[in-house]
Amino acid sequence: DPTSPPALEQINIVVGDMQKSLAFYRLLGLSIAEIPLAEWAPHHASGVTSNGVRLEFDSIAFAKQWNPGLDEANLGSATIPFFHVPGREDVDRVHARVTAAGYRSQKAPEDAFWGARYAIVEDPDGNAVGIMSPIDESMRRPPPPPPRI
């Protein structure tokens, strides 16, 4: 097939409370611009990651307009977006900042077998959000045994 593979350009996150969610993602370091129309402020905001992926934040009411099949009772998901930070110590710093603000940690910072340092926190809607450093080849080690099925 001569067409190129699709590129991930945008992620929409459906939120129960816009201001709480924006506060959380700003703690991660994301720059978020709220739209200038006051009546839309509770329903939509946009941010862009350092590598150009757009994050769009939508209220449940607005998301139901463009996704009528949305199950609002199940906002938290098993998909985990990871935000990359410049260094290993930044994982600890961002994790500490987010948890000090009252957000739940699902995984404290740890040096992973693949050579990165990572942590997982939870946004206000129960979505798992990862924080990860670059891979340091000198920190790689053999993986644990695979899970039993």
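## A buried aspartate

Asp58 sits in strand β4, residues 54–59 (a strand is a DSSP run of E, at least two residues, numbered from the N terminus). The model is predicted, so local features need pLDDT of at least 70 and side-chain atom pairs pLDDT 80 or more, while totals for chains, interfaces and linings use all residues. Residues are numbered from 1 along each chain as its sequence is written, and side-chain values use heavy atoms, without hydrogens and water.

Asp58 is buried (under 20% relative accessible area, 1.4 Å probe, protein chains only). Asp58 has no salt bridge (a side-chain nitrogen of Lys or Arg within 4 Å of a carboxyl oxygen of Asp or Glu). The nearest side chain of opposite charge is Arg54, 9.4 Å away (Lys and Arg count as positive, Asp and Glu as negative; His and the chain ends are not counted).

## The largest pocket

The largest pocket has a volume of about 490 Å³ (an open set of points on a 1 Å grid where a 1.4 Å probe fits, with protein on both sides within 12 Å along at least five of seven lines; lining residues have an atom within 4 Å of a point). Of its 21 lining residues, Thr49, Ser50, Phe82, Phe83 and His84 are the closest to the centre.

The lining of the largest pocket holds 13 nonpolar, 6 polar and 2 charged residues. β5 (82–84) and α3 (88–100) each supply at least two of the lining residues (a helix is a DSSP run of H or I, at least four residues).

## The second largest pocket

The second largest pocket contains about 310 Å³ of space. It is lined by 15 residues, and Asn12, Ile13, Ser77, Thr79 and Asn127 are the closest to its centre. Strand β1 (residues 10–15) gives the largest share of this lining, 4 residues.

How values were computed. Points joined across faces, edges and corners; volume = space filled by probe spheres on them. Nonpolar A, V, L, I, M, F, W, Y, C, P; charged D, E, K, R; others polar. Buried < 20%, exposed > 50% of the residue type's maximum accessible area, 1.4 Å probe, protein only.
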